[in-house]
Amino acid sequence: NARARVATMHKDNQSIVLSIDDATTDLLGWTPEEMIGHRTIEFTDPEHLTVAITTYVDMLRNPGCSRRSRVRYRRADGSWLWVEVTNHNLLADPEHGYVLAEVVDGGVQPIGERGPGGVHGGVEVERAAGSPGHPGLLGGLRRARPAAARRGLLAEVVEGDQHGAAQ
């Protein structure tokens, strides 16, 4: 039986899980009772929190937009799974009122991490004195974009648009 490759979650503005689909349980092993009411950062690899939080905050600042990040999520069995998470800000949409998260199985891959200005969990990180509008936020992470795009492996990464990552 093949594992689901794409799952969806509904979250609030604090990234608290409101609901998950069956594919989320299949992909990560967590039941709805184990995820609902918890923040997704509780399932995120601590090494990837800066990227996850930065892209989420940027998505919240831009109603109707989407932001994507590549992180590792902890599975119920204790293993780690690379995932690409695209959060769609539907909070202001009266028909939705939540953040729709699409979680795509990224498979098991080695962690490629370097220091500042390097690769952090598959995401290229640049550091500055502070994030625009939030001096000192998250240790000064200014911009994050998938390292694969830097290497030309992804065709679409445009900083600051609805498909790019936080600036």
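**Close-up views around strand β4**

**View 1. Strand β4 pairs with strand β5.** Let's start with a neighbour of β4 in this predicted model: eight bridges join β4 to strand β5 (residues 99–107), and the two strands run antiparallel.

View 2. R68 has T86 of β4 as its bridge partner. Five residues lie between the strands of this β3–β4 hairpin, where G78 adopts a positive phi near 95°. How much of β4 itself is covered? Eight of the ten residues in this strand (80–89) are buried, so β4 counts as mostly covered.

**View 3. The largest nonpolar core.** This core holds 19 residues, and those touching the most other members are M9, L28, M35, Y73, V83, V85 and V103. At least two core residues come from each of β1 (6–11), β2 (17–20), α1 (22–28), β3, β4 and β5. Nonpolar side chains tend to be buried together in soluble globular proteins.

**View 4. A closer look at L28.** Which residues does L28 contact, leaving aside its neighbours within four places in sequence? They are M9, M35, Y73, R75, A76 and L81.

**View 5. Stepping back to the whole protein.** Four helices and eight strands make up the set of elements, arranged along the sequence as β-β-α-α-α-β-β-β-β-β-β-α. Of the 167 residues, 43% are buried. The accessible surface is about 8200 Å², with 52% of that belonging to carbon and sulfur atoms.

Methods:
Residues numbered from 1 in each chain as written. Predicted model: local features only at pLDDT ≥ 70, side-chain atom pairs only at ≥ 80, totals over all residues. Heavy atoms only, no water. Buried < 20%, exposed > 50% of the residue type's maximum accessible area, 1.4 Å probe, protein only. Pairing = 2+ DSSP bridges. Core = buried A, V, L, I, M, F, W, Y, C linked by side-chain atoms within 4.5 Å. Contact = heavy atoms within 4.5 Å. Areas by Shrake-Rupley, 256 points an atom, 1.4 Å probe, with all protein chains shown as cover.
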